[in-house]
Amino acid sequence: MSLVTLGGCAYRAEPISSPAFNVPISYSEKIPGKWLLAVDADRFNTKIRVSGIACAAHNFPVDMASAYRSSVQQTLGNVFEKIEPVESPVPADQLKSRGARGMILVRGEDLRSRLDVLPGFFSATMRAELEIASSVVVDDRAGRVFGTTVEGDGRSESPAGLACEGGAKAISAAADDAMRDNVREVAESLGNSPRVRGKK
C-alpha cells in the first residue's frame, strides 16, 4: 500500500513532561527565597504537516503547552529554593504581600518544525525536527533584573507504519528533546545570573 494514496487523517503527537536535571550552575547553593513562576506556552500548540508528497494527506497536531509548563516548573525547582506557580504575572508592587522575592515569566515565542518521509527498501521512516524559542524575564520588588531568549531543538526518527502514524511518534520524541534542551537553557541562564541571585 502506498503511503501517498492513503486517506488523510490526524495523528496527535503527545509530548510528555521533559525536565532537565543536569543543569550546569556555577553556584553550589539554590537561589534563596520564594519566587513566583508564570509559564505561557500557548504558542507551542500547532499542527505539523509532512514536507513532501508522501503522507501529505495527513496532519499531526501537537500540544506542548502542558508538558512544557511542567518541564519548566520541575527544572526550576532544582535551581530555586521555592517556586510557586501562578496563572499570570504578578506586579512588582504585589510581590512583598505574596512573600516573594521576585516574579519569573517564561513565554514560548516560536515553534519551528519539519517532518520528512525517508523512503526505504521495505518500509519508510518518518524524521521530525523541532526548534522552540522562549523568552525569560525576571522582576524583583524593585523592577526588571533579568531578560533573555533561549532555544532548544530536538530530532527523532520512527518507522512510518502502514498509514504514516509513525510521524506522531517521531514528533513526540523530538518535542521531548527540544523541551529538555530549552528548559536546561532557561535554568542555566537564571541559575548563573548574579542579578537574580541578588549579588552586585
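Q: At its relative accessibility, does Tyr-68 count as buried or exposed?

A: Tyr-68 counts as buried, because its relative accessibility is 0%, and buried means under 20%. Keep in mind that this is a predicted model.

Q: Got it. What about the whole protein: what share of its residues count as buried?

A: Of the protein's 200 residues, 46% count as buried. The C-alpha atoms fill a box of roughly 65 × 30 × 20 Å along the principal axes.

Q: How many helices and strands are there in the protein?

A: You'll find three helices and seven strands. Starting at the N terminus, the order of elements is β-β-β-α-β-β-β-β-α-α.

Q: Now those helices. What describes two packed helices?

A: The general idea: you give the angle between their axes and the distance between the axes. Here, take helix α1 (residues 65-76) and helix α2 (residues 166-191): their axes come within 10 Å and cross at roughly 40°. That angle is why α1 is called oblique to α2. The crossing of α1 past α2 is right-handed.

Q: Which residues of α1 and α2 make the contact?

A: On the α1 side, look for Ala-67, Tyr-68, Ser-71, Val-72, Thr-75 and Leu-76. On the α2 side, they are Met-179, Asn-182, Val-183, Val-186, Ala-187 and Leu-190. Sorted by kind, the residues in this contact come to nine nonpolar, three polar and no charged.

Q: Back to rings, then. How many aromatic pairs does the count come to?

A: The count comes to three aromatic pairs. One of them is Phe-44 with Tyr-68: the ring centres are 5.0 Å apart and the planes stand at 90°, so this pair is edge-to-face. Phe-44 sits in the loop between β1 (31-40) and β2 (45-49), while Tyr-68 belongs to helix α1, so the pair ties together parts 24 residues apart in sequence. Phe-44 counts as buried too, because its relative accessibility is 0%.

Q: Where does Met-64 lie?

A: Met-64 is in the loop between β3 (59-63) and α1. With a relative accessible area of 0%, Met-64 is buried.

Q: And which residues does Met-64 touch, not counting those up to four places away in sequence?

A: Leaving those sequence neighbours aside, Met-64 touches Pro-15, Phe-44, Asn-45, Leu-111, Leu-130, Ile-132, Ala-175 and Met-179. You've already met Phe-44 in the edge-to-face pair and Met-179 in the α2 side of the helix contact.

Q: What share of contacts with a separation of 6 or more comes from residues 24 or more positions apart?

A: Such residues account for 76% of those contacts in the protein.

Definitions and conventions. Residues are numbered from 1 along each chain as its sequence is written. This is a predicted model: local features need pLDDT of at least 70, side-chain atom pairs count only at pLDDT 80 or more; totals for chains, interfaces and linings use all residues. Side-chain values use heavy atoms; hydrogens and water are left out. Axes are lines fitted to C-alpha atoms, for helices over the stretch in contact, and angles run from 0 to 180 degrees between N-to-C directions. Helices (H or I, at least four residues) and strands (E, at least two) are DSSP runs, numbered from the N terminus. Angles under 35 degrees count as roughly parallel, over 145 as roughly antiparallel, 65 to 115 as roughly perpendicular and the rest as oblique. A crossing is left-handed if the near helix is turned anticlockwise from the far one by less than a right angle, and right-handed if clockwise. Contact means heavy atoms within 4.5 Å. Ala, Val, Leu, Ile, Met, Phe, Trp, Tyr, Cys and Pro count as nonpolar, Asp, Glu, Lys and Arg as charged, and the others, Gly among them, as polar. Rings of Phe, Tyr and Trp (its six-membered ring) pair if their centres lie within 6.5 Å; planes under 30 degrees apart count as stacked, over 60 as edge-to-face and the rest as tilted. Buried means under 20% relative accessible area, exposed over 50%, partly exposed in between (1.4 Å probe, protein chains only).
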